[in-house]
Amino acid sequence: MANRFYTIMIVPENAQKPRQLHIPAWLIRVSLILLPILFLLAITILLDYRYIASQVSENRDLQGENRKLRQDVQLYQSRLDSMESSLERIENFSSRLKMITNLMDRDQLSQQLESPLPSSVIAEKTTDTKSNNPVEINFDQITNRSYGLEQNLHELYELLSDQRSFLNALPTKKPADGVFTSGFGVRVSPMGDGAEKMHEGLDIAGSIGTPIHTPAAGTIIFAGKKSGYGQIVMVDHGYGLETWYGHTSRILVKPGQKIKRGQTIALIGNSGRSTGAHVHYEVHVNNIPVDPINYILEN
Ligand SMILES: [Zn+2]
């Protein structure tokens with residue numbers, strides 16, 4: 001029984017000899033069991049293949065989406081950056097405005113001269129965030145900063161409402177068209193002697209004859225020659241504020257004269273201790289020279 005064979009005869013159409021295949025019976029039995037298993041296996045593999053193929057196409061879609069999202073994030077990041085820089089400009093503006101308007105409070109003045117920018121808002125730049133996402137961090141920072149800024153501006157509004165004459169006295173404009181060539185502070189003297197000297201004003205270079213406008217309303221207290229300054233105009237704006245304009249080529253006002261904001265008071269020149277045509281601009285608060293740049297609100 002175990003050695004039984006099945007014989008399959010193959011009879012060709014032409015006159016060749018028929019061929020015989022002897023297949024052991026056990027092989028037939030094993031085949032009957034194995035074939036359905038192989039068939040099931042083939043179907044499983046086929047289904048698997050189709051699933052994987054669909055996954056591959058989905059993956060490709062996701063990659064595309066991912067690329068687009070990354071581009072979006074970059075776009076948001078650059079918009080955030082520009083929001084941040086405008087916020088910074090507003091903060092700066094607000095800080096200056098706050099500082100110069102706080103002049104009304106004489107008790108705080110000496111403190112302010114020591115720390116020119118009371119950047120309460122800038123100090124509020126928060127780093128306290130748990131997120132690792134840079135975009136989220138920036139959003140948090142910007143939200144906090146704009147909140148601080150809003151508060152600050154609100155305080156300013158309260159402070160400024162009803163203070164028109166005081167505002168009019170503040171030297172918030174650049175007194176002449178031209179380039180800032182030398183700032184307030186200690187510098188090596190431009191006269192070539194190598195000495196370090198305190199420069200108590202701001203130099204704005206311009207061609208000879210460029211008009212100098214007073215940045216605030218006031219009264220002329222001096223107009224004439226002063227050692228080192230050449231032909232100089234000094235203006236009293238009230239509230240302890242004075243502005244000086246040195247090295248002018250021509251003076252257009254007289255002592256005692258009342259002037260309006262923006263009025264032309266002199267022309268740029270090269271008089272006195274000067275190495276080129278410019279106006280030497282000083283701002284004094286209670287007779288102490290301060291950095292004029294902190295008062296200029298325009299760019
Ligand atoms: Zn100067």
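This is a predicted model: local features need pLDDT of at least 70, side-chain atom pairs count only at pLDDT 80 or more; totals for chains, interfaces and linings use all residues.

Start with β11 and β13. Two bridges join these strands, and they run antiparallel.

Now widen the view. β13 sits in an open sheet of three strands, ordered β7-β13-β11, with antiparallel pairing. Which strands are at the edges? They are β7, residues 211-213, and β11, residues 250-251. Each of those pairs on one side only.

Stay in this region and look at A266. Which residues does A266 touch, leaving aside neighbours within four places in sequence? The contacts are I212, V233, Y245, T248, R250, I251 and L252.

The largest nonpolar core has 33 residues. A266 is among those with the most contacts inside it, along with I212, I232, V233, Y245, I265 and V279. Which elements supply at least two residues each? They are α1 (25-101), β6 (202-205), β9 (230-238), β10 (241-248), β13 (264-267) and β14 (278-285). β9 gives the most, with four residues. The core also draws on two domains: at least three residues come from domain 2 (79-167), and at least three from domain 3 (172-295). As background, nonpolar side chains in soluble globular proteins tend to be buried together.

Next, β14. Is this strand mostly covered or mostly open? Mostly covered: six of its eight residues are buried. Let's go through its partners.

First partner, β6. β6 and β14 pair in the antiparallel sense over four bridges.

Another partner, β10. Here the pairing with β14 is antiparallel again, over six bridges. Y245 has Y281 in β14 as its bridge partner. You have met Y245 already: it is one of the core residues with the most contacts.

And then β15, residues 288-290. Three bridges join β15 to β14, and the two run antiparallel. V283 stands opposite V290 in β15. β14 and β15 form a hairpin with two residues between the strands. In that hairpin, N286 takes a positive phi near 50°.

Now a contrast. Find K254, in the loop between β11 and β12 (258-259). Is K254 buried or exposed? K254 counts as exposed because it has 10 C-beta neighbours inside 10 Å, and the cut-off for exposed is 12 or fewer. Leaving aside neighbours within four places in sequence, K254 is in contact with I220 and A223. K254 and I265 are eleven residues apart in sequence, and their C-alpha atoms are 9.1 Å apart in space. I265, remember, is on the list of core residues with the most contacts.

Step back to the whole chain. How many helices and strands does the chain have? Four helices and 15 strands. Of its 299 residues, 20% count as buried. Take the contacts between residues at least 6 apart in sequence: 62% of them join residues at least 24 apart.

Last, confidence. The mean pLDDT of the chain is 83, and 84% of the residues reach 70 or more. Over residues 109-129, though, the pLDDT is below 50. That stretch still has 37 contacts in the model beyond near neighbours in sequence.

That's my tour. Questions, please.

Definitions and conventions:
Residues are numbered from 1 along each chain as its sequence is written. Two residues are in contact if their C-beta atoms, placed from the backbone, lie within 7 Å. A nonpolar core is a set of buried Ala, Val, Leu, Ile, Met, Phe, Trp, Tyr and Cys residues joined through C-beta atoms within 7 Å. Domain bounds come from an automatic or database domain assignment. Two strands pair if DSSP finds at least two bridges between them. pLDDT is the predictor's confidence in each residue, from 0 to 100.
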